[in-house]
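My notes follow in the order of the look-ups.

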Amino acid sequence: MPAAVTSSSSQALPDLYCSKSSTKDDFFFTSTTFRGGASVSGGILVGHLLRPGERSGIIMFCSEKKLREVERIVKANDREYNEKFQYADNRIHTSKYNILTFLPINLFEQFQRVANAYFLCLLILQLIPEISSLTWFTTIVPLVLVITMTAVKDATDDYFRHKSDNQVNNRQSEVLINCKLQNEKWMNVKVGDIIKLENNQFVAADLLLLSSSEPHGLCYVETAELDGETNLKVRHALSVTSELGADISRLARFDGIVVCEVPNNKLDKFMGILSWKDSKHSLNNEKIILRGCILRNTSWCFGMVIFAGPDTKLMQNSGKTKFKRTSIDRLMNTLVLWIFGFLICLGIILAIGNSIWESQTGDQFRTFLFWNEGEKSSVFSGFLTFWSYIIILNTVVPISLYVSVEVIRLGHSYFINWDRKMYYSRKAIPAEARTTTLNEELGQIEYIFSDKTGTLTQNIMTFKRCSINGRIYGEVHDDLDQKTEITQEKEPVDFSVKSQADREFQFFDHNLMESIKMGDPKVHEFLRLLALCHTVMSEENSAGELIYQVQSPDEGALVTAARNFGFIFKSRTPETITIEELGTLVTYQLLAFLDFNNTRKRMSIIVQNPEGQIKLYSKGADTILFEKLHPSNEVLLSLTSDHLSEFAGEGLRTLAIAYRDLDDKYFKEWHKMLEDANAATEERDERIAGLYEEIERDLMLLGATAVEDKLQEGVIETITNLSLANIKIWVLTGDKQETAINIGYACNMLTDDMNDVFVIAGNNAVEVREELRKAKQNLFGQNRNFSNGHVVCEKKQQLELDSIVEETITGDYALIINGHSLAHALESDVKNDLLELACMCKTVVCCRVTPLQKAQVVELVKKYRNAVTLAIGDGANDVSMIKSAHIGVGISGQEGLQAVLASDYSFAQFRYLQRLLLVHGRWSYFRMCKFLCYFFYKNFAFTLVHFWFGFFCGFSAQIALDTSYWTFINHVFIWGSIAIYFSILFIMHSNGIFGIFPNQFPFVGNARHSLTEKCIWLVILLTTVASVMPVVAFRFLKVDLYPTLSDQIRRWQKAQKKARPPSSRRPRTRRSSSRRSGYAFAHQEGYGELITSGKNMRAKNPPPTSELEKTHYNSTSWIENLCKKTTDTVSSFSQEKTVKL
């Protein structure tokens, strides 16, 4: 079906074809053929591009209702051209209302409450004098009061959202306009503009990197706002644009055209083509800097705006602000409907009574009432009486209920704000209830979805322990050589004498310093390896202090430890590494860099020291490195394995350390083969990997390191207590799989005693479905007979059956799934299997997930489990999850205020969540339920008086109690009870009362004497027995005579345990692969090739002349090689106890 389009140039007119989709009335784009041979396939333009002045807004998604773009075309430095496509500007909106829409939208939301709509109808009825015996202002005043209070609160919340939006939109950025840089507000930035960024600045929009201050167009960005990771990421410009540099005139003449994908929420993918100077250049994610990133370690860079405002990937991952209501609100809506039905029944009964009374007795009174002849119908009288009683009996659901509920909620919110136990004194941050409508919902939480970085952890890696040559360093012993815990009173090692030591580093074992001073060669070699084998970059700040820029926090911790112990990494070039060994500068020639990746799980370097010795230094996962050791290391291997088990048991992240001495002749032959492999066109990667394997053998073990990923204070205790409260905690993180698993062990969410840990790592929907099926078979293995017996059940019993099946799971299981597999698992035909398996596991960890996937997981549980959910996070990548959950909690002071601004509650530390739920949540829910029960009781009692009075007043719709009367009674009882309570309290505790009436207080100490009377104890005993025994007997008899399905399951479980032969507890085995340094499991290759190519370094020294000193990598193709290697999203986790799916 061809689409009718117009264009200013017939040469660029495409014939656009759409085919009807099988779902609803939408169409999907198949292909676009341009006259002249160009074509669009899959949404990417690969043929003829539009010339300046031609319109291209025709490339749109066909729909019966609206057009939607299927690809984006952007021309640099040409606003007029780009405005034809009507792309979104860079202004963002996170608020719900504006001045025009506030009143209608807010009233619509408020009248979704059935009671509000009910009282509005009641107000209309009261305006009819024929049926109303009450004045209209008795209803309109409280109704307006409730609506006004709620509207003011909503307006206040939205005002702060507007304030935050304005703060972001009014940030300044340097934009290239009319051949010169001008300061523009972010909201005025347009697609196609060229922007200049400086170091430590936020990125204003999604940019194509054109050039930077670093060599070859490199720049470094921090993506914490997007994925929660504080590790620096490298981005690099195309070589053709990096030559533009900072030349404003050349940048102003740049007129390249970018054809790329449409706006989407995929943070790790980008596809497009840049056409410039009659050539085309492929674009990928490595060329793009996303909004929300921060430029680091780069003086300046220039970028071209591709996506702006709501089209940026950050905003595409931000969920919409939703109107949240508590379960009590929904319950009250249901109750109001039932009570309204009850009210109608009462009105019908009284109306029928009125009709009967009028027909039988009413004629005797008509003489006195002077009725007209037309008003003598008893049926019509009953009709009017019905509406009159609807008005009179409306107090069964009084509007004051909602006023009282809002006041109670407001009070509970102030209790949270005033709680000193939730006040973080270090940063002076109190807890804050940012909404007053969700307090009681805190007491019903069943699922908590938590971010990892900055929420559970501080994202601070600390070097804690190490094992060198079979000896552990880092432990503290007492005078009897017994291991003791490290306390604040314990004196750490004094590093103040070292001028370049890190002042924040602490180590409490003085034995390591003594071994260094004594010249232990193994200890020196161990620390030398830590100072050499890494990808850290060093620089000096203005004060002359040494600053390390690290790819992974693990490496930073290890290099910092070596630095404090006297082996200081100073600088590097592509051919050399300079370190300071105990005060002596030593320069090592870097001969080869064997970088890590997800398969190798280790990294190695080959260096030559000043004496001419060639050595290979390696560090990596213990399971991998131990297989490459020389047979002579058996004894040391056994000792180090025990030490690693001890470290892993304490939740530390471990690495094995080894080295090898290389022969000069052997290395030259190997290096020649490596050069040939690098130059090969076929099976290049396989040949290089084989050469790496060949030289990384017969290693000599030095020891192991143990690094702590520092948790926030009280995280372990909080998670334990929440688990005891039967609250399930799921960790949703954008971090690497192995890092997330390590944190799971550190928090005791994962343990080595678990029956199984299921790792879902399928690459497509079929593999994911099969892995989920096998995991469920394994989990249900011992309970298969029971589960099969309950496969067929009625739909109404499904939720009950799910909870019962969960009770049959007797072991502890954990589920770990990465973002790539999760994308397939969230498909309609697989998500039920995922949810069923996840809900039966004690712990669920989702890693490498996007912000949108976090929200999808929350929505999945909300929709199918009918459970109250809470999401907690601290960064912009958690905003979608926070908005999707029933309750969103923001951690303030970690990664900005985006999460806090989108949250319902905020505080500074994860540990405060325990008090928020178990104290404030319980109190709020308990008080609200008690209040509602009493309120409905009071109002039913009050209303039924009028119902009963109707039988004595001829059903004439007269009120038994005058309005002023019951208003007076309410005031007397409320204020009078408060006054009497405090009066008696002050009188009983007044000092003067004892002087006035000394003889009225003879009972001082009487309680103590009364306990010696036997009759008192007899009364207590009889009262207790009479009150408790019937209830206890009823409970026991009910379980035996009328057992529920849950009781039958528990009885079946006990019988199974008795029938099962006693099995000896299996010995505790260490998950040797469960604690790995995060860098060894990166989902992309490291910076090794980048470092050795020298592309990220400015030339300072002349190149070496010795052939041996050079590392012969193909410097012209390292970027292409890096881009060709696909990034793995799957890392192997457990090789001993996890299920191999």
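I take two strands as paired if DSSP finds at least two bridges between them. Helices (H or I, at least four residues) and strands (E, at least two) are DSSP runs, numbered from the N terminus. The model is predicted: local features need pLDDT of at least 70, side-chain atom pairs count only at pLDDT 80 or more, and totals for chains, interfaces and linings use all residues. Residues are numbered from 1 along each chain as its sequence is written, and side-chain values use heavy atoms, with hydrogens and water left out.

Strand β29 (residues 576-581) pairs with β30 in the antiparallel sense over 6 bridges. The two form a hairpin with 2 residues between them, and leucine 582 in the turn has a positive phi of about 50 degrees. β30 also pairs with strand β31 (residues 602-608), again antiparallel, over 5 bridges. There I noted alanine 592 opposite isoleucine 606 in β31. For burial I use relative accessible area: buried is under 20%, exposed over 50%, partly exposed in between (1.4 Å probe, protein chains only). Strand β30 (residues 584-594) is mostly covered, with 8 of its 11 residues buried.

I counted 37 helices and 41 strands in the chain. Of its 1141 residues, 52% count as buried. I then asked for contacts, meaning heavy atoms within 4.5 Å. Among the contacts with a separation of 6 or more, residues 24 or more positions apart account for 72%.

I traced an open sheet of 9 strands with mixed pairing, in the order β20-β41-β40-β39-β21-β35-β38-β37-β36. β20 (432-433) and β36 (756-760) stand at the edges with a single partner strand each, so one side of each has no neighbour in the sheet. Inside the order, β37 and β38 pair in the parallel sense over 5 bridges. Threonine 843 in β38 is the bridge partner of alanine 814.

Grid points are joined across faces, edges and corners, and a volume is the space filled by probe spheres set on the points. The search of the whole structure finds 3 cavities of 30 Å³ or more.

Arginine 848 is partly exposed, at a relative accessible area of 25%. Alanine 428, in the loop between α12 (400-417) and β20, has a phi near 55 degrees, also positive. Alanine 428 counts as partly exposed at 47% relative accessibility. Last, I looked at threonine 312, in the loop between β19 (300-307) and α8 (313-316). Threonine 312 counts as buried at 0% relative accessibility. Leaving aside neighbours within four places in sequence, threonine 312 is in contact with Ala205, Asp206, Arg291 and Phe307.

Key: 1 Å grid on protein atoms, 1.4 Å probe; cavity = no way out; pocket = protein on both sides within 12 Å on 5 of 7 lines; lining within 4 Å.
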